[in-house]
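Please have a look at the model below before reading on. The report walks through it piece by piece.

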Amino acid sequence: DATTATDGAALLADLDRLGLQNGASYGPVVSGLLPVTAIGKAVALKSLQSITASPRPVHNTGSVTSQGDAALRADVGRVAFSVDGRGIAVGVLSDSYNTLGGAAADVTSGDLPPGVNVLSEYGLCGLLITCIDEGRAMLQIVHDLAPGSDLLFHTAMGGLAQYANAITSLAAAGAKVIVDDLLYLNEPMFQDGVVAQAVDSVVAGGAAYFSAAGNQARNSYESAFVDSGEDLCIDFIPDGFCDPIFELVGDMHDFDPGPGVDFYQHIT
């Protein structure tokens, strides 16, 4: 994943000339596969602001068979309101659809309808990353909930720009409901990155968007605010004095669970 302070398309063109494969841009972000031998030339580009390895995305998956149809009372709703999703296309974003095989058998068994529109499958499954066809599993659940809906799939693999473009591609193909289950750990936490911006754009166009959320189990942190007794002051004017109006941000949280004080969250 690479970013630019100017034009993402221009950075994409520069990186393409250095051998970038499977490249895509969304706003100021470019994603793709860059040869290791080209890294030195890439960091010298005037169009480049930063470049980093794209982390392997995390699946927000469950460990048991879903009982979503009953839990959401979709089974009741289909009867009570005489609806089955007909006329509403549903798009799914995940790793892959049929890299393991079995999609045809799912259609034969009735777990999937014929004619699932696969806009893009990830072509590097088994080479750079293991894919588990989580997208097809999600579509099976959607088909249980709304058996009349048209179904679409687009891989969300390949980096942030690829993910953002996949979102807009599903909406452009007619998806009125879009759901994902992938999280890139380099998506910004405190402001909207390109993935969130793409979500905002399709929602503004009339789509409903649902994202699987997880707390990453034991790799997470949760706590009520603990006042450390120390103020956070950003010294815009380097005079050694904290202006309470312009420079005082607020009280800092204490991450230390014991009697000590620690302003920092340590990550191993």
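Predicted model: local features only at pLDDT ≥ 70, side-chain atom pairs only at ≥ 80, totals over all residues.

Residues are numbered from 1 along each chain as its sequence is written, and side-chain values use heavy atoms, with hydrogens and water left out.

## The sheet

Let us start with the open sheet, where 4 strands line up in the order E2-E3-E1-E4 with antiparallel pairing. The edges belong to strand E2 (21-26) and strand E4 (50-51); each has a single partner strand, so one side of each is left without a neighbour in the sheet. Two terms need their cut-offs here. Helices (H or I, at least four residues) and strands (E, at least two) are DSSP runs, numbered from the N terminus. Two strands count as paired if DSSP finds at least two bridges between them. As a reminder, strands of a sheet pair through backbone hydrogen bonds, either parallel or antiparallel.

E2 pairs with strand E3 (residues 29-33) in the antiparallel sense over 4 bridges. The hairpin of E2 and E3 has 2 residues between the strands, and in it Gly27 takes a positive phi near 60°. E3 is also joined to E1 by 2 bridges, again antiparallel; Thr3 stands opposite Val29 of E3.

## Helices across the sheet

Which strands does helix H1 (residues 8-17) lie across? H1 lies across strand E1 (2-3), E2 and E3, and runs at about 165° to E2. Helix H7 (residues 160-172) lies across E2 and E3, at about 65° to E2. Axes here are lines fitted to C-alpha atoms, for helices over the stretch in contact, and angles run from 0 to 180 degrees between N-to-C directions; contact means heavy atoms within 4.5 Å.

## Salt bridges

The structure holds 5 salt bridges (a side-chain nitrogen of Lys or Arg within 4 Å of a carboxyl oxygen of Asp or Glu). In general, side chains of opposite charge can pair when their charged atoms come close.

| Pair | N to O distance |
|---|---|
| Asp14 and Arg17 | 2.2 Å |
| Arg78 and Asp69 | 2.9 Å |
| Arg136 and Asp133 | 3.0 Å |

To describe the surroundings of these residues, buried means under 20% relative accessible area, exposed over 50%, and partly exposed in between (1.4 Å probe, protein chains only). Asp14 and Arg17 both lie in helix H1, 3 residues apart, or about one turn of the helix. Asp14 is buried because its relative accessible area is 18%, whereas Arg17 is exposed at 63%. Arg78 is partly exposed, with a relative accessible area of 22%, and Asp69 counts as partly exposed at 22% as well. Are Arg136 and Asp133 buried or exposed? Both are buried. Salt bridges with shared partners join Asp106, Asp133 and Arg136 into one network.

## Loop residues

Most residues other than glycine have a negative phi. Arg73 is not a glycine, yet has a positive phi of about 60°. Arg73 sits in the loop between helix H3 (68-71) and helix H4 (74-80) and is exposed, with a relative accessible area of 56%. Ser82 also has a positive phi, near 55°. Ser82 is found in the loop between H4 and strand E6 (89-94), and is exposed at 66% relative accessible area.

Ala217 is exposed, at 56% relative accessible area. From Ser109, Ala217 is 108 residues away in sequence and 35 Å away in space, C-alpha to C-alpha.

## A nonpolar surface patch

Which residues form a nonpolar patch on the surface? Leu232, Ile234, Phe236, Ile237 and Val249 do, with about 490 Å² of accessible area together. Patches are made of residues with over 30% relative accessible area and no salt bridge; like charges are joined within 9 Å, and nonpolar side chains (Val, Leu, Ile, Met, Phe, Trp, Tyr) within 5 Å. Accessible areas come from the Shrake-Rupley method with a 1.4 Å probe, and for residues only the protein chains shown count as cover. Leu232 lies in strand E12 (residues 227-233), and counts as partly exposed because its relative accessibility is 36%.
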